[in-house]
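The sequence and structure come first.

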Amino acid sequence: RLKLDNTCLKNVRLAHGDIFKLDFVDNYFDVTICWRFCHLVPVEYLHHALKELGRVTSGEILLQAYIGRPYWKRLLTSLFRFPGKFYMKLKGSRSAPLPWSHIHAYFHTDQLLASKIAEAGLVINRQVKIGPYNDSIVSVYHLRKW
């Protein structure tokens, strides 16, 4: 709340909403920035959310996504980490759980995300890979309507 009290941000409005039924008319926004979102949506609902973003946006949609590494790479990473975790458990040492550890994340691939974007009636103008994050690659998709 304090950050929004800044006079430079007097036109900023925060709203709580449903990604599947946004409370805005068609083409309300010139640009939509959607960050830290795709990994929270199961694949079967992803195109519905993207379609709704497309409905309320007249211009570009910037969509950040965590692109999951192949399953075998995630499995190898887990196997390499196992001895250390097992040792810590035997030792009785526990690290505090992260605040978001209760949230399920979905590993979407580039191909899957591209198909859901197309299914939502959107086109990928550009994809920028920012870098690695845990077991994924962070990408930003620049989308537009057909």
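Tyr 71 is exposed, at a relative accessible area of 57%; buried means under 20%, exposed over 50%, and partly exposed in between, with a 1.4 Å probe and protein chains only. Tyr 71 belongs to helix H2. Helices (H or I, at least four residues) and strands (E, at least two) are DSSP runs, numbered from the N terminus.

Tyr 71, Trp 72, Leu 75, Leu 76, Leu 79 and Phe 80 make a nonpolar surface patch of about 720 Å². Such a patch takes residues with over 30% relative accessible area and no salt bridge, with nonpolar side chains (Val, Leu, Ile, Met, Phe, Trp, Tyr) joined within 5 Å and like charges within 9 Å. A salt bridge is a side-chain nitrogen of Lys or Arg within 4 Å of a carboxyl oxygen of Asp or Glu.

**Basis of the model**

This is a predicted model, in which local features need pLDDT of at least 70 and side-chain atom pairs count only at pLDDT 80 or more, while totals for chains, interfaces and linings use all residues. Residues are numbered from 1 along each chain as its sequence is written, and side-chain values use heavy atoms, with hydrogens and water left out.

**Largest pocket**

The largest pocket has a volume of about 680 Å³. Its lining has 18 residues, and Trp 100, Ala 105, Phe 107, Tyr 133 and Asn 134 are the closest to its centre. A pocket is an open set of points on a 1 Å grid over the protein atoms alone where a 1.4 Å probe fits, with protein on both sides within 12 Å along at least five of seven lines; lining residues have an atom within 4 Å of a point.

Helix H2 (residues 71-91) gives the most to this lining, with four residues. By type, the lining of the largest pocket has nine nonpolar, four polar and five charged residues.

**Second largest pocket**

The second largest pocket holds about 570 Å³ of space. It is lined by 19 residues, with Ala 15, Leu 22, Phe 24, Phe 29 and Thr 32 nearest its centre. Strand S1 (32-34) and helix H1 (43-56) are the elements that give two or more residues to this lining, and S1 gives the most, with three.

**Positive phi angles**

Asn 27, in the segment before S1, has a positive phi near 60° and is not a glycine. Asn 27 is partly exposed, at 40% relative accessibility.

Arg 36, in the loop between S1 and H1, is also not a glycine and has a positive phi of about 50°. Its relative accessible area is 45%, so Arg 36 counts as partly exposed.

Technical notes:
Grid points are joined across faces, edges and corners, and a volume is the space filled by probe spheres set on the points. Ala, Val, Leu, Ile, Met, Phe, Trp, Tyr, Cys and Pro count as nonpolar, Asp, Glu, Lys and Arg as charged, and the others, Gly among them, as polar. Accessible areas come from the Shrake-Rupley method with a 1.4 Å probe; for residues, only the protein chains shown count as cover.
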